[in-house]
Structure formats: C-alpha cells, structure tokens
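Hi,

Here is the structure I said I would pass on.

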Amino acid sequence: MPHEPTERRVVVTGVPRRTRRTSGHHRPRTEIDEQTTLGHTYVRSLMRSQLRAALGVFAVLVLLVAPLPLVFAAMPDGAGLEWAVLGFGVYPPLVLLARRHVRRAERNEQDLVRLVEDR
C-alpha cells in the first residue's frame, strides 16, 4: 500500500511587504483603462497634441507643394528642370519633414507614458 504524502500547511507570520493603497486615489493608467473622465482627459490631451503636430506638418507641406505648378509654369519647356526641382528641391524636405513628424509624434506618446507610469 503506497504511502500518500500529507498536505503541509504554511504559516506566514511576517508583515506584508507591499500594501495596497486603499485611498480613493487611482493611478492614471487605471483611469485610462476604466475610461473615467480623467482618463478621457489624458487621451484627449494626447490626441490634441498629435493633431497639432499633424496640422503643422500639413501647413509646411502645403507651403512646399502648392507653388510647384507656378514654378513649373515659369520654367522653359523641354529643359527637364522639373525632375531636378522635384528630386532635389522637394523630395529631401519631404523626407526631413516626415522624420520630424514621426519623432514629434513618438515624443508626444512618450510624454503620455511618462505621465501615467508609476515611478
């Protein structure tokens, strides 16, 4: 007849190392997850800063691209300068503008993360 091991009881006598906060204060991440008014404010703030960044990029883009038809109309026909204007005058600023926008959007998101992190 095999011997079955008996269940062993563990008694904890020490004070818990971590205690839960019982105050009415919620963490910002919880506010966002539960979609409270404060969480909605955090998300709305992020959306507003992202929209502001996007509108700034759009304004620069319009200022860069809108005069192109006038520039092309002022050029002599058959000179092939249109490709040079597009390749060297428009494309590099577009790339730089896109990189700046991505960095700013990521910075906005990191600001929100820093705000809601518990440190």
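**What turned up**

V62 sits in helix α2 (residues 37–65); helices here are DSSP runs of H or I with at least four residues, strands are E runs of at least two, and both are numbered from the N terminus. This is a predicted model, so local features need pLDDT of at least 70 and side-chain atom pairs count only at pLDDT 80 or more, while totals for chains, interfaces and linings use all residues. Residues are numbered from 1 along each chain as its sequence is written, and side-chain values use heavy atoms, with hydrogens and water left out.

Back to V62: because its relative accessibility is 38%, V62 counts as partly exposed (buried is under 20% relative accessible area, exposed over 50%, partly exposed in between, with a 1.4 Å probe and protein chains only). Together with F58, L61 and V65, V62 makes a nonpolar surface patch of about 310 Å² accessible area. Patch members have over 30% relative accessible area and no salt bridge; nonpolar side chains (Val, Leu, Ile, Met, Phe, Trp, Tyr) are joined within 5 Å, like charges within 9 Å.

As for the fold, the protein chain has four helices and zero strands. Buried residues are 15% of its 119 residues.

The salt bridge count is one, the rule being a side-chain nitrogen of Lys or Arg within 4 Å of a carboxyl oxygen of Asp or Glu. R114 and D111 form it, at 2.4 Å from N to O. Both belong to helix α4 (residues 81–116), three residues apart, about one turn of the helix. D111 is partly exposed, because its relative accessibility is 37%.

Cheers

Methods. Areas by Shrake-Rupley, 256 points an atom, 1.4 Å probe, with all protein chains shown as cover.
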